[in-house]
Each structure stands twice: as C-alpha cells, then as structure tokens.
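Visitor: I have not seen this structure before. Please show me how to read its features.
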Amino acid sequence: MLPAATRGAELLCLLLSAVMLVRGADTAGAALQQQIRTKDSLKLHLPRAKRSPYHIVRDCIMVTSEEGQFFLKAADDTSTVCGMYIITDPDRRVEVHFEHLDVPCQNGGLVSFVDGWELNGQFFPSPEDHPKPLNLRYREFCGQRRVKQVLESSQNAALIQYRMPHRGKGFSFTVRFLKNSMPCNILLEGTADVYTLRNYGKHVNCSVTTLFPAKVKVLSLNVGLQDEGLETGTIHKCQKRGLPDYVQLGGSQGLDTTHLVVADSLCGMDSKPGSTVQTIFCGVTTVRLVSSGQCDNAVTITLQQAGEDDIMEASLICGL
C-alpha cells in the first residue's frame with residue numbers, strides 16, 4: 001500500500017474542500033469568516049483530462065471523469081507519490097485495464113489500484129460501508145510485466161496511485177465506465193440532483209457524499225418499517241433512540257463516514273417530508289442510510305450547493 005499521508009493527497013483534500021466552499025457572509029461571525037477566508041485562499045483549478053480517447057498524464061495529482069487510454073511516464077527520479085482520481089456518474093462503476101507496465105520495483109516503485117478514493121488515510125467508501133475488506137480493495141503491481149486482471153470498482157469512484165522513481169519508466173491503462181444497476185455508495189463532485197438510496201433488503205450501509213457544503217432535502221422516506229403501509233411521518237433522532245435502521249444527515253472534513261458529525265438521523269414512513277431540510281457547511285456532506293437487513297429501506301433526497309445566503313440557516317458548521 002502506498003503511503004496515505006502524502007503531500008499530493010493532502011493538497012488534493014484541501015483543494016476538493018476549497019473548490020466548492022463559498023465566501024463567508026459578514027453576519028456569519030468572525031470565526032466562520034476566518035475559516036472560509038482560509039479555504040478561499042487555497043482555491044485552485046484541479047487539472048482535468050481533456051475529452052479525448054487518449055490522455056497523456058503530466059500532472060502528479062489529477063481528477064478525471066473521462067474514459068479512454070491514459071499514458072504516464074516518469075520525468076525524473078523523484079519518489080513522489082501521485083494519484084489519478086477517477087469519478088463517473090452515480091449509476092456507473094469504473095473498469096481499469098493495465099495495458100503496459102514498466103515500473104521497476106527498486107527504490108519503492110509501485111502502481112496501485114484502489115477500489116474507491118483515499119485522502120489523508122481516509123477512504124470513500126469507509127471500510128465499514130464497503131462490501132470488501134480494506135486489504136482486498138488494493139491491487140499493487142511493479143516490474144516489467146503484463147497485468148492480465150481487469151480491475152473494477154464497486155461504486156462510481158476509483159483511484160490509481162503510483163510512485164515511479166526511475167526517469168523514463170511508466171505505464172498505461174484504459175478506463176471504461178460500466179452500468180451499475182444497484183448503486184449503493186455514490187460520490188458527487190459537482191452540483192447535485194435527486195437521488196434514491198436503497199438497501200434492497202440487505203444488511204448494508206449506503207451513502208451519497210458530496211465534496212461541497214450542501215442543503216439536503218428529504219423528498220421521500222421509508223426506513224425502519226416492516227409494515228410498509230403504515231404512514232408514521234418523519235421520526236427524528238432515530239440513532240439516539242437506539243433504532244437499527246435510520247438515515248444520517250451530516251458532514252465532515254474528510255471522506256470517512258465513521259467520522260461523520262450527524263445533524264439529524266431520520267426513520268419512519270413519510271411520502272411528503274418536504275419540511276426536513278438540513279444545511280451542512282462542511283468540506284464534505286453525507287447522507288448515509290444505515291440498514292440492519294430487517295427492512296427494505298429507501299430514502300429519496302435532493303442536494304443543492306449551499307451558498308453564503310444559507311449560512312445563517314446552517315444546521316451544522318464543521319471546524320468551529
């Protein structure tokens with residue numbers, strides 16, 4: 001496994017949080033203004049792969065939502081850990097096929113495929129919410145060889161990490177996006193739309209995670225009830241009540257949902273719960289459906305990027 005707390009990964013974490021954060025309003029208080037001013041000063045444009053079937057990668061850290069063939073070659077002998085962060089539509093999975101590999105194992109040369117994203121040692125999806133144990137989410141390669149495996153992610157996000165301390169050495173791979181008929185964990189990078197999380201009667205946790213502060217509105221709720229015909233309305237603070245099935249609305253500074261600061265947890269059956277709105281001012285906003293497997297749970301939500309006019313209505317502000 002490549003080192004987690006690398007300079008490149010730390011930079012990306014700051015950028016992904018900062019790119020979508022808004023400027024503080026004068027009425028939000030000095031502490032909040034200082035937090036947002038600090039993040040504003042870090043705003044930069046992430047390099048992105050252009051729309052082409054062929055991509056020559058020159059940036060150490062890159063986010064791409066493109067399919068096609070990618071070529072990487074070491075420009076020097078430094079041992080910097082770099083990363084290609086891949087993201088696609090919520091109902092897609094990422095397929096990666098390595099076509100050429102010439103990365104000597106000496107001096108720590110390594111290429112790694114990660115099922116999900118990793119930033120500063122935190123993973124999306126978190127180890128608790130992913131169907132595979134963490135050790136099976138990594139595939140590592142080095143040397144001069146042909147990689148026969150076709151690698152697939154379990155959700156719409158994957159990561160290629162690499163360290164190439166040998167000038168002129170490199171590798172190439174092809175990215176395809178496959179249909180995912182039962183998406184569970186979804187990572188969003190841009191402005192969001194309407195999404196439904198469903199456990200299909202299984203003992204799984206599913207989530208929608210955004211990389212920006214967001215207003216979360218619950219449009220439909222059916223969580224924790226075995227009698228689906230019983231309209232209970234929205235029940236709040238279900239996690240604190242000790243109920244096994246609930247929806248968490250919250251935020252965090254990193255990707256791991258086990259570090260989620262929860263603004264509210266909901267359950268019950270409510271076909272028109274439009275009054276349930278949470279405004280989350282954190283670098284990462286998450287809606288997480290926790291399911292015991294005893295019920296067929298579903299929640300439909302809409303997410304909208306929070307702006308400076310929403311600060312005074314914030315249900316949760318991280319870092320204060």
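The dialogue below goes through confidence, cores and strands.

Visitor: How are residues numbered, and what is the mean pLDDT of the chain?

Guide: Residues are numbered from 1 along each chain as its sequence is written. This is a predicted model, in which local features need pLDDT of at least 70, side-chain atom pairs count only at pLDDT 80 or more, totals for chains, interfaces and linings use all residues, and side-chain values use heavy atoms, with hydrogens and water left out. pLDDT is the predictor's confidence in each residue, from 0 to 100. Here the chain mean is 84, and 83% of the residues reach 70 or more. Over residues 4–46 the pLDDT is below 50. Where pLDDT is low, the predicted coordinates should not be read in detail.

Visitor: Which residues have the most contacts inside the largest nonpolar core?

Guide: In soluble globular proteins, nonpolar side chains tend to be buried together. A nonpolar core is a set of buried Ala, Val, Leu, Ile, Met, Phe, Trp, Tyr and Cys residues joined through side-chain atoms within 4.5 Å; buried means under 20% relative accessible area, exposed over 50%, and partly exposed in between, with a 1.4 Å probe and protein chains only. The largest core has 26 residues, and V96, F98, I160, Y162, F171 and F173 have the most contacts inside it. Strand β5 gives the most to this core, with five residues. Strands are DSSP runs of E, at least two residues, numbered from the N terminus. Contact means heavy atoms within 4.5 Å; leaving aside neighbours within four places in sequence, the contacts of F98 include V111, F141 and I160. A second, separate core has 24 residues, including I186 and F212.

Visitor: In what order do the five strands of the open sheet stand?

Guide: Two strands pair if DSSP finds at least two bridges between them. The order is β2-β4-β12-β6-β9, with mixed pairing. β2 and β9 stand at the edges with a single partner strand each, so one side of each has no neighbour in the sheet. β6 and β9 run antiparallel and are joined by four bridges, and S112 stands opposite E140 in β9.

Visitor: Is strand β14 covered on one face or on both?

Guide: Both faces are covered: N185 and L187 on one side, and I186 and L188 on the other, are all buried. β14 pairs with β16 in the parallel sense over four bridges, and N185 stands opposite S207 in β16.

Visitor: How many residues of strand β20 are buried?

Guide: Seven of the ten residues of β20 are buried. β20 pairs in the antiparallel sense with β19 over five bridges, and V247 stands opposite L266 in β20.
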